Amino acid sequence: MNKDIKEKSEQLKANQTLLGDLSAEFNRLLTSWNLPWVDTAVIDRDTYLPVVNGRPFETLQASGGGIATSVNLAYSLTLLAFGLDHSDVLVPSLLVIDSPRKAFGNNASDRQRAAEIYSRFRTLADAYGERLQLIIADNDPPPITSDSFGKVEFDYENPMVPGVDHPGPDQVTRIESQSDS
C-alpha cells in the first residue's frame with residue numbers, strides 16, 4: 001500500500017508540474033498580446049480553466065466581447081501547442097477558430113493585436129507542420145502574409161459544399177432580416 005501511495009503521489013506531483021507549465025504558457029501567450037486589461041493569467045488547478053486577473057472563466061465568458069474572444073483563443077492555442085509538445089496530454093491536434101478578430105475594432109492597437117494573433121497561428125503552423133491543422137474562418141484576409149496560410153473563399157459560384165448550388169442572393173431571406181411576426 002505504501003508503494004501505491006508513493007506512485008500516486010509522484011504521478012500527482014508530475015501532473016501538477018504539467019499544469020504549472022500549461023499555466024505559465026497561457027500567461028505568456030495572453031500577456032504577449034499586450035491587452036490592457038491583462039495583469040495575470042493562470043489555469044485553475046481545480047477546474048483546468050483560465051483565470052484572468054483573479055476572475056474565473058465563467059465570468060470572463062459572461063463579459064463577452066474582446067475579453068472572452070482573447071481568453072478563449074489564448075486558451076485554445078495554448079492547449080493545442082501544449083498537447084503537441086507533451087504526448088501524455090491528450091488534446092486534439094485540430095483547432096477550428098471562427099472570427100478571431102470578431103470583437104476587436106480597427107484602431108492601431110487592435111490591428112497590432114490581430115497581427116500578433118495571426119503571427120501565433122503562423123508560428124504554430126511553422127513549428128508543428130502537418131502535426132496540426134488550424135482552420136480559421138475570418139471575414140477579412142490575414143493581417144500578415146505567410147506561405148503557411150492557405151485561402152479558400154466561398155461565394156455563390158464557389159459554395160462551401162461543392163455540388164450544392166446556391167439559389168442566389170435574391171432567392172433567400174437572411175435570418176437577421178426576418179422579423180418576429
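A pocket is, on a 1 Å grid over the protein atoms alone, an open set of points where a 1.4 Å probe fits, with protein on both sides within 12 Å along at least five of seven lines, and its lining residues have an atom within 4 Å of a point.

**View 1. The largest pocket of the predicted model.** The space in the largest pocket comes to about 830 Å³, a volume being the space filled by probe spheres set on grid points joined across faces, edges and corners. Of its 23 lining residues, Ile136, Ala137, Gly150, Lys151 and Val152 are the closest to the centre. Helix H4 and strand E5 (133-137) are the elements giving two or more residues to this lining, and E5 provides the largest share, 5 residues; helices (H or I, at least four residues) and strands (E, at least two) are DSSP runs numbered from the N terminus. The lining divides into 14 nonpolar, 5 polar and 4 charged residues, where Ala, Val, Leu, Ile, Met, Phe, Trp, Tyr, Cys and Pro count as nonpolar, Asp, Glu, Lys and Arg as charged, and the others, Gly among them, as polar.

**View 2. The packing of H3 against H4.** Helix H3 (residues 65-85) and helix H4 (residues 108-128) pack at about 10°, their axes 12 Å apart, with axes fitted to C-alpha atoms over the stretch in contact and angles running from 0 to 180 degrees between N-to-C directions. H3 is therefore roughly parallel to H4, a term for angles under 35 degrees. Residues of H3 including Leu73 and Asp85 meet residues of H4 including Arg120 and Tyr128, contact meaning heavy atoms within 4.5 Å.

**View 3. Alanine 115 in helix H4.** Alanine 115 touches Pro143 and Ile144, leaving aside residues up to four places away in sequence.

Residues are numbered from 1 along each chain as its sequence is written. Local features need pLDDT of at least 70 and side-chain atom pairs count only at pLDDT 80 or more, while totals for chains, interfaces and linings use all residues, and side-chain values use heavy atoms, with hydrogens and water left out.

Terms used
Angles under 35 degrees count as roughly parallel, over 145 as roughly antiparallel, 65 to 115 as roughly perpendicular and the rest as oblique.
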